[in-house]
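These notebook entries record what I looked up in the structure shown below.

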Amino acid sequence: GNDMLLFSQNVPLAIEKFKLALQTNLITERDIEQRVKKILAAKYDVGLNHYTPIATDNVLEDINKYTDKIREQAAIKGITLVKDDNNLLGKIHGGDARVNYIGVNATQSVLFNELRNNVSKLQYDWLPKGSSETAITKLKEGTTNTDITIIGIHNLSFYPSGGNHGLDAAQVQFLKDMASKPNVFFALMGNAYLVKHFCNASGILVGYEDDTITQTVATNILLKK
C-alpha cells in the first residue's frame, strides 16, 4: 500500500527487489506508473515543478528554532502517570517525608539533580550494571528506613536484549523485588516495555525518552509543580 519507499537502508537491494517483483508479476509496470504519478502530483501541488533555490544561511538555526519547545510540549503531553495508589507524589515535597532516590543503570541524571535541588535531605544511591549482591542487599534494606523511595531507571535500549532492554539480570530482579513495597515509586525514563517487570507496583511514571527535557518534565510531575 506504500506509494513511496522511505529510508531504504540498501537502495541497490531495494531496486533489485522491485525488478524481481516485476519479473514475477507480483506488481506491474502500471502499478508503478500510477504511484509515480501520485508522487509527482503531490510535488506539483506544492510548486516543486517551478524550482526556486532558497538561501541556506542559518538554515539549521531557523528550522530548529522551536525544536526544544516542541519537545517540551511532547514530553508534557506524552509522559504517563500510570498510577500512584498510595499518594506518594503528594508527600515527596511535603518537607517532612524521608525521601530516597535510587538511580538504576546510571551514576548521574537530570532527574536526580532536579530532585536533589528541590527535596531537602534527599538520600540517594546508584545501581549500575555488575553491582554485587552485597550492594543490592544494602539498597533493599535502605528502603525500609524511608517514607518514599523513587527508583529512576535510565539508559535503556530500544531493543529487548533478552527481555531486559539493556539492564542486567540483577538489576531486573531488584526492580521485581521492589515492586511489592508500598513506599516505592518507579520513574521509568525510556522504553516503556520494561514496566512488565514491575507492573504490580503501586506507583509508576513512564517517560518515553531519557533526555534532559523529559527528565525535567518528569521531575515537575513528581514534585507536583
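I take a polar contact to be a pair of N or O atoms within 3.5 Å; within protein, one must be able to donate a hydrogen and the other to accept it, and residues adjacent in sequence count only if both atoms are side-chain atoms. I note that this is a predicted model, in which local features need pLDDT of at least 70, side-chain atom pairs count only at pLDDT 80 or more, and totals for chains, interfaces and linings use all residues. Residues are numbered from 1 along each chain as its sequence is written, and side-chain values use heavy atoms, with hydrogens and water left out.

I looked up Thr-24 and found it in the loop between helix 1 and helix 2. Helices (H or I, at least four residues) and strands (E, at least two) are DSSP runs, numbered from the N terminus. The side chain of Thr-24 reaches the backbone oxygen of Ala-21 at 3.4 Å. A polar atom of that side chain also lies 2.8 Å from the backbone oxygen of Leu-20. From Thr-24 to Lys-69 I read 45 residues in sequence and 50 Å in space, C-alpha to C-alpha.

Asn-25 lies in the loop between helix 1 (11-23) and helix 2 (29-45). Asn-25 is not a glycine, yet its phi is positive, about 65°. Most residues other than glycine have a negative phi. Is Asn-25 buried or exposed? Its relative accessibility is 64%, so Asn-25 counts as exposed; the cut-offs are under 20% relative accessible area for buried, over 50% for exposed and in between for partly exposed (1.4 Å probe, protein chains only).

**Entry: Asn-87**

I placed Asn-87 in the loop between strand 1 (80-84) and helix 5 (89-92). Asn-87 also has a positive phi, about 50°, although it is not a glycine. With a relative accessible area of 42%, Asn-87 is partly exposed.

I found His-154 in the loop between strand 4 (148-153) and helix 8 (169-178). His-154 has a relative accessible area of 1% and is therefore buried. Which side chain does the side chain of His-154 meet in a polar contact? The partner is Tyr-101, at 3.1 Å. Leaving aside neighbours within four places in sequence, His-154 is in contact (heavy atoms within 4.5 Å) with residues including Val-104, Leu-167, Met-189 and Asp-210.

Asn-164 lies in the loop between strand 4 and helix 8. I read 17% relative accessibility for Asn-164, which counts as buried. Beyond four places in sequence, Asn-164 is in contact with Ala-169, Val-172, Leu-194 and His-197.

**Entry: helix 7 and helix 8**

I looked up how helix 7 (residues 133-142) packs with helix 8: the angle is about 20° and the axes are 11 Å apart. Helix 7 is therefore roughly parallel to helix 8. Axes are lines fitted to C-alpha atoms, for helices over the stretch in contact, and angles run from 0 to 180 degrees between N-to-C directions. Angles under 35 degrees count as roughly parallel, over 145 as roughly antiparallel, 65 to 115 as roughly perpendicular and the rest as oblique.

**Entry: helix 4 and helix 9**

The axes of helix 4 (residues 67-78) and helix 9 (residues 212-222) come within 9 Å and cross at roughly 45°. I therefore record helix 4 and helix 9 as oblique to each other. On the side of helix 4, the contact is made by Asp-68, Arg-71, Glu-72, Ala-75 and Ile-76, and on the side of helix 9 by Ile-213, Thr-214 and Val-217.
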